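Visitor: I would like to learn how to read a protein model. Could you take me through one, feature by feature?

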Amino acid sequence: MAAELHVELVAADRKVWSGEATLVVARTTSGDIGVMPGHQPLLGVLESGPVTIRTSDGGTVIAAVHGGFISFADNKLSLLAEIAELSDEIDVQRAERALERAQSKADAFAQRRAEVRLRAATAH
C-alpha cells in the first residue's frame with residue numbers, strides 16, 4: 001500500500017470532504033504548496049484558489065477554497081476554509097454570471113472568487 005495522509009476539508013458550515021490521499025496541492029499566502037505523506041509539520045494561511053486532492057484510489061478531488069488555514073502534522077492534513085465547494089457542486093453558469101457582475105462593478109474580491117470557482121469547476 002502506498003503512503004497516505006488523512007485529509008479533512010472543512011468549511012465554516014460543513015465538512016466538505018474527508019478521506020485518504022497521496023498528495024494535496026493548495027494555495028497559501030506564501031505560494032502554492034504540495035503536501036505528501038511524511039511532509040514536515042506546517043501551519044499556513046489559505047488564499048482563494050483551487051485545492052487539488054489526489055486520492056489513494058487514484059482519483060482526483062478539486063475544490064474551490066476561499067480563505068482559511070492549512071495544518072499538517074502526523075500525516076493528518078486539515079484544510080479549514082471560510083468557504084469551500086467541490087468542483088461538481090459548482091453551477092458554472094451562475095459562476096460565469098457572478099464573474100460578469102464583478103467585472104462590471106470592478107469588484108476584485110468577487111471577481112477572484114468567481115474565477116476560482118470557474119477554474120475548479122472546469123479542472124477535470
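Guide: Start with a stretch of chain. Residues 76–119 are 59% helix and 25% strand, with their end C-alpha atoms 26 Å apart. Helices (H or I, at least four residues) and strands (E, at least two) are DSSP runs, numbered from the N terminus. The model is predicted: local features need pLDDT of at least 70, side-chain atom pairs count only at pLDDT 80 or more, and totals for chains, interfaces and linings use all residues. Residues are numbered from 1 along each chain as its sequence is written, and side-chain values use heavy atoms, leaving out hydrogens and water.

Visitor: What does UniProt list for residues 76–119?

Guide: An unreviewed UniProt entry lists them as "coiled-coil region". UniProt positions follow the numbering used here, feature names are shortened, and annotations may be inferred rather than shown by experiment. The unreviewed entry also gives residues 5–83 as "domain: ATP synthase F1 complex delta/epsilon subunit N-terminal". That span is 0% helix and 77% strand, and its end C-alpha atoms lie 23 Å apart.

Visitor: At what angle do the axes of helix 1 and helix 2 cross?

Guide: Axes are lines fitted to C-alpha atoms, for helices over the stretch in contact, and angles run from 0 to 180 degrees between N-to-C directions. Here helix 1 (residues 92–105) and helix 2 (residues 108–121) cross at roughly 155°, and their axes come within 8 Å. That makes the two helices roughly antiparallel (under 35 degrees is roughly parallel, over 145 roughly antiparallel, 65 to 115 roughly perpendicular, the rest oblique). The crossing is left-handed, meaning that the near helix is turned anticlockwise from the far one by less than a right angle; clockwise would be right-handed.

Visitor: Which residues of helix 1 and helix 2 meet?

Guide: Contact means heavy atoms within 4.5 Å. On the helix 1 side, they include Val92, Ala95 and Leu99; on the helix 2 side, they include Ala110, Leu118 and Ala121.

Visitor: How do I read phi?

Guide: Most residues other than glycine have a negative phi. Ala106 has a positive phi of about 55°. Ala106 lies in the loop between helix 1 and helix 2. Asp74 also has a positive phi, near 50°. Asp74 lies in the loop between strand 6 and strand 7 (76–86).

Visitor: Are Ala106 and Asp74 buried or exposed?

Guide: Buried means under 20% relative accessible area, exposed over 50%, and partly exposed in between (1.4 Å probe, protein chains only). Ala106 has 67%, so it is exposed. Asp74 has 69%, so it is exposed.

Visitor: Where does Ala64 lie, and is it buried or exposed?

Guide: Ala64 lies in strand 6 (residues 60–73). Its relative accessibility is 0%, so Ala64 is buried. Leaving out residues up to four places away in sequence, Ala64 touches several residues, including Gly49, Ile83, Val116 and Ala120.

Visitor: What about Ser48: where is its place?

Guide: Ser48 is in the loop between strand 4 (42–46) and strand 5 (49–55). Its relative accessible area is 16%, so Ser48 is buried.

Visitor: Which side chain does a polar contact join to that of Ser48?

Guide: A polar contact is a pair of N or O atoms within 3.5 Å; within protein, one must be able to donate a hydrogen and the other to accept it, and residues adjacent in sequence count only if both atoms are side-chain atoms. The side chain of Ser48 is joined to that of His66 by a polar contact of 3.4 Å.
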